[in-house]
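Okay, thanks for coming, everyone.

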Amino acid sequence: MTSAPSCPSCRQPMEVHQFASNLGGALELDICFACQGLWFDRHENLKLTPASVVELFRLLHEHRTDQHHALRDSMDCPRCARTLEKGFDLVRSGRYMVYRCARGQHGRFSTFSSFMVEKGFVRHMTRPEIDNLAKRVGAIYCTSCGAPVDIRKDHACPYCRAAFSLIDPEAVVRAMEGYAKAGSPQATQPAPVDIGDALVSLERDRSRAERERQKQAFTGAADAGDSSFTGDLLSAGVSLVWAVINTRSHH
């Protein structure tokens with residue numbers, strides 16, 4: 001296993017994880033869970049097998065309550081130290097942000113949410129879903145740029161103008177069908193999910209994790225009636241997807 005590069009944002013060593021490549025053999029990806037980012041050497045983002053994506057979901061779910069860092073405004077390529085160029089790619093499921101090596105030789109830094117959009121695992125939220133969520137959650141993180149947005153006032157991100165979106169468990173399971181026990185042709189479709197319930201549950205998990213980290217009483221834990229916390233649609237979606245994958249793997 002090669003040594004890990006430093007995260008372009010927090011500049012701490014990234015974790016190296018091995019995945020199966022669709023070209024055969026192993027693929028090493030560099031992950032920073034604190035910054036919720038992946039470093040892809042050239043074309044590595046195209047080489048993950050569906051089974052590897054399931055494994056990546058498992059890792060993201062395991063780290064769902066980790067403390068997260070905001071991305072720096074300026075980030076450097078971990079290979080050549082030149083400033084990464086910020087840009088957008090467009091796929092059928094929407095536009096997503098990437099940070100590319102300025103030389104065009106060393107790859108790209110992608111947030112977890114951008115990777116999910118790239119793979120077609122994300123869908124736009126409907127207006128009723130947004131209105132329902134606004135009654136229960138004060139703000140959400142934009143899946144496109146990561147900015148906190150007051151969902152009670154805005155129905156699209158005021159910073160990057162992206163529509164609010166979430167990970168679609170049905171889309172993920174369809175893509176994973178037949179791989180890594182993600183399901184079988186006879187398996188039933190996943191039941192509709194309540195993203196609001198998932199966000200509240202995730203906030204409770206994070207509150208418990210924070211209490212453990214601080215080893216003292218945490219008085220700001222959210223409950224089902226609290227609308228003041230900021231919901232992470234990405235982490236909530238990962239939790240929903242992992243629950244669906246686990247359920248289908250036992251059928």
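Let's start with Ala81, which counts as exposed at 54% relative accessibility; here exposed means over 50% relative accessible area, buried under 20%, and partly exposed in between, with a 1.4 Å probe and protein chains only. What you're looking at is a predicted model, where local features need pLDDT of at least 70, side-chain atom pairs count only at pLDDT 80 or more, and totals for chains, interfaces and linings use all residues. Residues are numbered from 1 along each chain as its sequence is written, and side-chain values use heavy atoms, with hydrogens and water left out.

So, back to Ala81. Its phi is near 70°, a positive value in a residue other than glycine. Most residues other than glycine have a negative phi. Ala81 sits in the loop between H1 and strand E4 (85–91); helices (H or I, at least four residues) and strands (E, at least two) are DSSP runs, numbered from the N terminus. Arg11 is also not a glycine and has a positive phi, about 65°. You'll find Arg11 in the segment before strand E1 (15–20), and it counts as partly exposed at 45% relative accessibility.

Zooming out, the protein has 6 helices and 11 strands, and 50% of its 251 residues are buried.

Now, which residues touch the most other members of the largest nonpolar core? They're Ile31, Phe57, Met116 and Ile167, in a core of 29 residues. By nonpolar core I mean a set of buried Ala, Val, Leu, Ile, Met, Phe, Trp, Tyr and Cys residues joined through side-chain atoms within 4.5 Å. H1 gives the most to this core, 6 residues. Take Met116: leaving out residues up to four places away in sequence, it touches Phe57, Leu60, Phe121, Val122, Ile167 and Leu234, with contact meaning heavy atoms within 4.5 Å. There's also a second, separate core of 15 residues, with Met125, Ile130, Cys160 and Leu166 among them.

The largest cavity has a volume of about 80 Å³. On a 1 Å grid over the protein atoms alone, a cavity is a set of points where a 1.4 Å probe fits but cannot get out, and lining residues have an atom within 4 Å of a point. Volume is the space filled by probe spheres set on the points, which are joined across faces, edges and corners. The lining includes Leu60, Arg64, Phe112 and Leu234, and H6 supplies the largest share, 3 residues.

Note on methods:
On a 1 Å grid over the protein atoms alone, a cavity is a set of points where a 1.4 Å probe fits but cannot get out, and a pocket is an open set with protein on both sides within 12 Å along at least five of seven lines; lining residues have an atom within 4 Å of a point.
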